[in-house]
Each structure stands twice: as structure tokens, then as C-alpha cells.
Amino acid sequence: MQIILLKDVDNVGLRGDVVDVARGYARNFLLPRRLAETATPSKVAELQKLDAQRARHEAKSFDEAQKLAERLGATQLRFDVKAGPTGSLFGSVTPTDIADELWEKHKIRVDRRKIAADAIKRVGYYDVAIELFPDVTAEVKTVVSPEGGTLPPEEEMRAKEQAEATEAEEAARAEAEAAEPEETLVEPVPAAAEAPVEPPADSPVDSPVDVRPSDEGHDDADREEPAPE
């Protein structure tokens with residue numbers, strides 16, 4: 001079933017994308033939650049027209065992209081969002097949110113599909129990379145702060161994140177080591193002295209060989225008669 005996303009949906013697409021999904025997924029999840037609408041020819045044509053209008057404001061050359069990258073490098077975005085006590089967001093900040101904020105607050109148009117960032121789901125400081133043109137990428141400082149609260153200084157936040165990452169890595173390593181079976185040392189068993197192997201009694205090797213000439217093929221005339229007494 002073909003639908004138009006009204007919001008960014010993880011593992012599905014960004015707002016405004018026309019995508020094909022399973023009919024049951026659309027009817028039971030996306031449509032009831034107003035995350036998408038059914039794609040009709042008129043709505044798809046309207047989206048294409050809107051994309052063309054947006055594209056006119058994007059960088060058209062390497063030099064334009066370089067100038068835009070300088071502006072973005074000096075820009076800071078801020079999102080005040082609802083978050084839990086551990087810093088997890090009740091929702092997320094998506095690439096489309098970042099593109100909308102750049103246009104609404106700074107009149108900078110970027111293609112949301114070229115924002116190299118997954119949905120942000122924790123408070124903190126982020127450097128969001130945006131591809132403006134081939135070989136031209138800018139980073140936009142983005143602050144995601146709890147609504148009605150404040151964030152610690154950036155250095156403190158980054159140090160805390162690094163400490164948490166190191167702790168998680170050490171815990172994973174310890175768990176992996178604990179799961180490994182212990183090596184059991186096995187003493188080598190000395191090889192028994194090899195006893196000489198006696199051939200069987202009826203072995204043809206040990207049987208006496210009759211080397212007497214055979215009488216086969218000789219005539220009786222060739223046999224020596226005993227001398228008469």
C-alpha cells in the first residue's frame with residue numbers, strides 16, 4: 001500500500017516521503033496515529049511541486065555550498081523537549097525537525113534526506129553533519145535540552161558520556177569473559193611401550209617352503225631304474 005508520511009518514522013522514512021508499506025501496518029498503525037495518509041495522485045503531485053520549490057533555495061554550485069557551510073558552521077540550533085529524569089526524550093528530534101528549524105529560524109534550506117543523523121533520543125550536545133553538495137559537508141551544533149530545565153556545560157556532558165561508554169564497554173567485556181568456558185588442562189598420557197607383534201601361527205611367511213623340484217612334467221623313462229641284483 002502506498003502512503004505519504006506525515007511525520008518521520010524510524011525505519012520507514014521521513015515526513016513527505018511516499019513509501020510502500022504492508023496494508024495491515026498502514027491501517028492498524030500509521031493511519032490511526034496520523035503518522036501517514038493514503039497516497040493519491042493529486043497529493044503526490046502536490047508534494048513533488050513543494051519539493052521543487054524547496055530545491056530552488058538549496059546550493060546549486062560548489063561555491064554556493066561553501067558559503068552555506070560557513071553560515072551553518074556559525075549556527076546553533078536548540079530544541080527544548082520533554083525528557084525523563086535519565087535524559088531520554090518523550091519522542092525524538094528528527095532530521096526533518098532540524099531542516100524545519102534551519103528554515104524557520106535562519107532561512108537556510110537543506111535537503112532533510114542529506115542530514116546524516118539518526119533521530120536524537122537523548123538530551124545533549126550534537127554536531128549534526130549535513131551534505132550540501134558533493135565534497136561539501138557542514139556541521140551544525142545542536143543542543144537538545146529538557147523542557148523547563150538546563151543542561152550541564154558541554155565539556156561536562158561529553159565527559160560523562162565518555163565515562164558511561166567506557167563503563168558499558170568494560171561491563172560487556174567482563175560479561176563476555178565470564179561466559180567463556182574455563183580451559184581444563186589435561187595431563188598427557190605416556191604412550192605404552194610397543195610390544196613386538198607375533199605373526200599368526202598359520203602365516204605364510206613362517207610356513208616352511210618346499211624347495212624340492214617337482215616331478216610334474218617328467219616321463220617315467222627319465223626315472224632311473226634300480227640295478228638288478
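1. Aromatic pairs. One aromatic pair is counted in this predicted model, where rings of Phe, Tyr and Trp (its six-membered ring) pair if their centres lie within 6.5 Å, and planes under 30 degrees apart are stacked, over 60 edge-to-face and the rest tilted. The rings of Tyr25 and Phe29 have centres 5.5 Å apart and planes at 10°, so this pair is stacked. Both residues belong to helix α1 (residues 23-30), four residues apart, or about one turn of the helix. Helices (H or I, at least four residues) and strands (E, at least two) are DSSP runs numbered from the N terminus. Tyr25 is partly exposed at 32% relative accessibility, and Phe29 is partly exposed at 29%; buried means under 20% relative accessible area, exposed over 50% and partly exposed in between, with a 1.4 Å probe and protein chains only.

2. Basis of the values. The model is predicted, and local features need pLDDT of at least 70, side-chain atom pairs count only at pLDDT 80 or more, and totals for chains, interfaces and linings use all residues. Residues are numbered from 1 along each chain as its sequence is written, and side-chain values use heavy atoms, with hydrogens and water left out.

3. Charges at Trp103. The charged end of Lys107 sits over the ring of Trp103, 5.0 Å from its centre, and Arg109 lies over the face of Trp103 at 3.9 Å from the ring centre. The criterion is NZ of Lys or CZ of Arg within 6 Å of the ring centre and within 35 degrees of the ring normal.

4. Nonpolar cores. A nonpolar core is a set of buried Ala, Val, Leu, Ile, Met, Phe, Trp, Tyr and Cys residues joined through side-chain atoms within 4.5 Å. The largest has 29 residues, and those with the most contacts inside it include Leu72, Val93 and Val110. Among the elements giving two or more residues are α3 (62-73), α4 (95-106) and β8 (124-133); β9 gives the most, with five. A second, separate core of nine residues includes Val19, Val21, Ala26 and Leu35.

5. Strand β9. Eight of the 11 residues of β9 are buried, so this strand is largely enclosed by the rest of the structure. Strands pair if DSSP finds at least two bridges between them. β4 and β9 pair in the parallel sense over six bridges, with Phe79 opposite Val144 in β9. β8 and β9 pair in the antiparallel sense over nine bridges, and Val128 stands opposite Val140 in β9. The hairpin of β8 and β9 has two residues between the strands, and Asp135 there takes a positive phi near 70°.
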